[in-house]
Amino acid sequence: MQIHSPEFKQRAGDALDNANLQRALGNLRDGFPQKRAAAVARMPEFEQLRNEGRDLKNHILANLDFYLEQFEDNVIKQGGQVHWARDGEEARRAILEICRNAGAKTVTKGKSMVSEEINLNDYLEANGVKPVETDLGEYILQLREDHPSHIIAPAIHLNLDDVSDIFHKKHNRPRSEDPAELMQEAREMLRKQFVAADVGITGANFCVAETGSTIIVTNEGNGDLTQTLPRVHVVITTIEKVVPTLEDMTLFLRLLARSATGQEFTVYNTLSSGPRRPEDQDGPEEFHVVLLDNGRSEMIGSEFQEMLRCIRCSACMNHCPVYGAIGGHAYGWVYPGPMGSVLTPKLIGVDKAGHLPNASTFCGKCESVCPVKIPLPKLMRHWREREFERHLSPKGFRFGLGTWAWFARRPGLYRWVSRSSSWFLKRLGGKQGRIRSLPLGKGWTAWRDMPAPQGSTFMDQWKRHQQTQQQKNKG
Amino acid sequence: MTSSRNQILGNIRRGLQRDLLTGDALDQVRTRLREHPANTVPARSQLPQDQQIALFESMANEAAAELIELKTLEALPGTVAEFCRENGIDQLVSASDPALTALDWSGIDNLEITHRVAQAGDSASLTTSFCGIAETGTLMLLSGPHSPTTLNFLPDTHLVLLKQSQIVGAYEEAWARLRQHSDAMPRTVNMITGPSRSADIEQKLQMGAHGPKRLIILLLRD
């Protein structure tokens, strides 16, 4: 995916004005949060599982080198191959080489955000290998030359009309507005591709060190056809996805489905261990795992290490008021919402993605639903600090913050100024208690009235409160 | 690639401010892999076996799997034939598992039965399973010489034989059975909970995306 994060403000504004997008986002706001809440309510141990998930991820990260080496050993023991890639370029080259060795003309692909992260499709296409997305949402997007706007519901920004239009155009069939018919159409079109592909590329939700297995979690079954039918199976995944044992994977599977779609369990949870055995009748003859770093190893030991706990469930964006208002494309790259606001600056640079950690109300909902308890607001705050330190924030913002800091270091003056400006604003608000237009606050008053301050300042109230307490204690 | 590998691992160790794991720390992680301790197992499935069976049935139903009860294994060919007749299915691709091939299929005249991997266009498949997991009504199937994985995904309808005695409570019990069953992992372990589905169009759930549109569990009382 091309990087558009620097244009965040423009894109967010456009998104708010886009009626079709707003209609589509309604489906998200009405769906995922309720489903998650219902699933969590049925699992009395959920909170305990979250704590264990957090602790286990911390343990894994503290021993990440060991578990990765164990995973590698066990993949090789079963006849598979592991390719380590420091960055997108190395990962792309490794995958292209595998495709070339297999004489591949087309590759089928299961849904993989990591493949978006490394821009794999464009690269393969430019090098004469045709990638075919097989997840229904991703397939729709590929036909439209569009990109995912959500990490588990990639086409959430589209409406039924959009799908009807593009299928009609690309499939040469009568236009249908029945989602069931449209899905059947995609099923039929992709069936031939599944069988024709020489290489199948999937992601991995987890890599199990104990057994050298990768696992994919899907509802459609497209990932399974992708990895079973072609002669070669390539898994593209990242270093923080490793877990010690099947039991540890199980803990995360219990958290993942419930946090993501609110399902008790995803339909297909499939473990792959090496290539097909000599006595097997089907399955791939080659099994490759591409382990991508792309900046993640540098997060170890930094203040952003906790972000590596993320299991990509999407609960944070599903519950985020900012994501819910503007959708995923506004964020301008692969990972949107709160998790993206922390991860994107690390992966593409805070100079390009500085707007993202600022696009938060810090309401804390993301952290409260995160299955591995990542303190997302705290991590976004770290980025804001970095951005400020590196003088990347806008002048007006820096001036405002500087002015505030100057006053804040002079408490007497600060109190006097806040008392008098609150008196002034109260006057301005008149009987209605609302301010319709404010010289320095046009960004606010252009859209809504500003409520005028009521009563005395916090510090004055606090002083009074303490005096009353003291009197009570004396009495 | 070797240098990439070493650089990535080196970065991680630098971040962790240590060299290769040694001593107690190494013992601890090795023990974790060897003993694979369970994390919290939800109480939901920790029940007497008859209640586990009931839980499996209700969870599988909830996931839109269809259950057909078999009183005896011998009744399987007749039950499968009847199901296929009712649903207009005249071809069945069957796993070559001896548990299935040893049965008497001679009286079945409405079905053309083949034993092979699945192909695009197959309408129905019949397989066995490794176990059932009551916690979420999940089937576990292993790839092997008699159970090609394509049978679980390509046909429109997937019929699966499961014995009640194969039903366990939690996933952890399934892993224990798997470790007992063989030292090496099969190429593919499929955990299947209901038929294929997608909500990618306007978040409205539609059944039958790329995998089977119907999942029929033939549950044998034993």
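1. In chain A, strand β4 (residues 199-202) pairs with β2(A) in the parallel sense, over three bridges. Pairing here requires at least two DSSP bridges between the strands. Strands are DSSP runs of E with at least two residues; helices are H or I runs with at least four, and both are numbered from the N terminus. Lys109(A) has Ile201(A) as its bridge partner in β4(A).

2. This is a predicted model: local features need pLDDT of at least 70, side-chain atom pairs count only at pLDDT 80 or more, and totals for chains, interfaces and linings use all residues. Residues are numbered from 1 along each chain as its sequence is written, while chains are lettered from A and ligands numbered from 1 in the order in which they are written.

3. Strand β2 (residues 106-109) of chain A also runs parallel to strand β3 (residues 130-133) of chain A, joined by four bridges. Opposite Thr108(A) stands Val132(A) in β3(A).

4. Helices α9 (residues 160-171) and α10 (residues 179-196) of chain A have axes that come within 11 Å and cross at roughly 40°. The axes are lines fitted to C-alpha atoms over the stretch in contact, with angles from 0 to 180 degrees between N-to-C directions. Contact means C-beta atoms, placed from the backbone, within 7 Å. Among the α9(A) residues that meet α10(A) are Leu160(A) and Phe167(A); the α10(A) side includes Leu182(A) and Met189(A).

5. The domain assignment (automatic or from a database) gives chain A domain 1 (43-298) and domain 2 (417-474). Chain B has domain 1 (1-37) and domain 2 (46-220), with C-alpha centres separated by 40 Å.

Conventions
Two residues are in contact if their C-beta atoms, placed from the backbone, lie within 7 Å.
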